[in-house]
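Student: Before we begin, could you take me through this structure slowly, setting each value against the definition behind it?

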Amino acid sequence: LKDTILPDLPSSSSIGPSAAAMVSGRLFSALIGDKLHRATKELLLNSPMFVRFAQESSQAAKGAFDQAVKKAEPVISKGVSAEAAQVAWKQGRTALRDLERKATQSMKSKR
């Protein structure tokens, strides 16, 4: 009757020590893995070496950003200048007039 209800489970003597170690490792990881992860993360992020690395990399990134802005500034200011805006406005008005003229002509030709 026991054999029909419960399947055969391996006994501790039938599994090897490496399999038992894997099971105990998984159990250990499930129990304290999350706490260990958080503690390690806090320790590393608050370490003086990481803080120094973050400051140095921030300074390097700021320098690269400032150089990119200096190089792009003439192009940006030229593209946003008042003259360019006036030219674009005139071209838009001319294109709109041409479109209205063509629409009027096509309506007249259909009559």
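**Surface, helices and rings**

Tutor: Leu27, Phe28, Leu31 and Ile32 together make a nonpolar surface patch of about 420 Å². The model is predicted, with local features needing pLDDT of at least 70 and side-chain atom pairs counting only at pLDDT 80 or more, while totals for chains, interfaces and linings use all residues. Residues are numbered from 1 along each chain as its sequence is written, and side-chain values use heavy atoms, with hydrogens and water left out.

Student: What makes a patch nonpolar?

Tutor: Nonpolar side chains (Val, Leu, Ile, Met, Phe, Trp, Tyr) are joined within 5 Å, from residues with over 30% relative accessible area and no salt bridge, which is a side-chain nitrogen of Lys or Arg within 4 Å of a carboxyl oxygen of Asp or Glu. Areas come from the Shrake-Rupley method with a 1.4 Å probe.

Student: Why does leucine 31 count as exposed?

Tutor: Exposed means over 50% relative accessible area, buried under 20%, and partly exposed in between; leucine 31 has 63% relative accessibility, so leucine 31 counts as exposed. Leucine 31 lies in helix H2 (residues 17-45), a helix being a DSSP run (H or I) of at least four residues.

Student: Why is the pair of phenylalanine 50 and phenylalanine 53 called tilted?

Tutor: Rings pair if their centres lie within 6.5 Å, and planes under 30 degrees apart count as stacked, over 60 as edge-to-face and the rest as tilted. By this rule there is one aromatic pair: the centres of phenylalanine 50 and phenylalanine 53 are 6.3 Å apart and their planes stand at 45 degrees, so the pair is tilted.

How values were computed. Rings of Phe, Tyr and Trp (its six-membered ring) pair if their centres lie within 6.5 Å; planes under 30 degrees apart count as stacked, over 60 as edge-to-face and the rest as tilted. Patches are made of residues with over 30% relative accessible area and no salt bridge: like charges are joined within 9 Å, nonpolar side chains (Val, Leu, Ile, Met, Phe, Trp, Tyr) within 5 Å. Helices (H or I, at least four residues) and strands (E, at least two) are DSSP runs, numbered from the N terminus. Buried means under 20% relative accessible area, exposed over 50%, partly exposed in between (1.4 Å probe, protein chains only).
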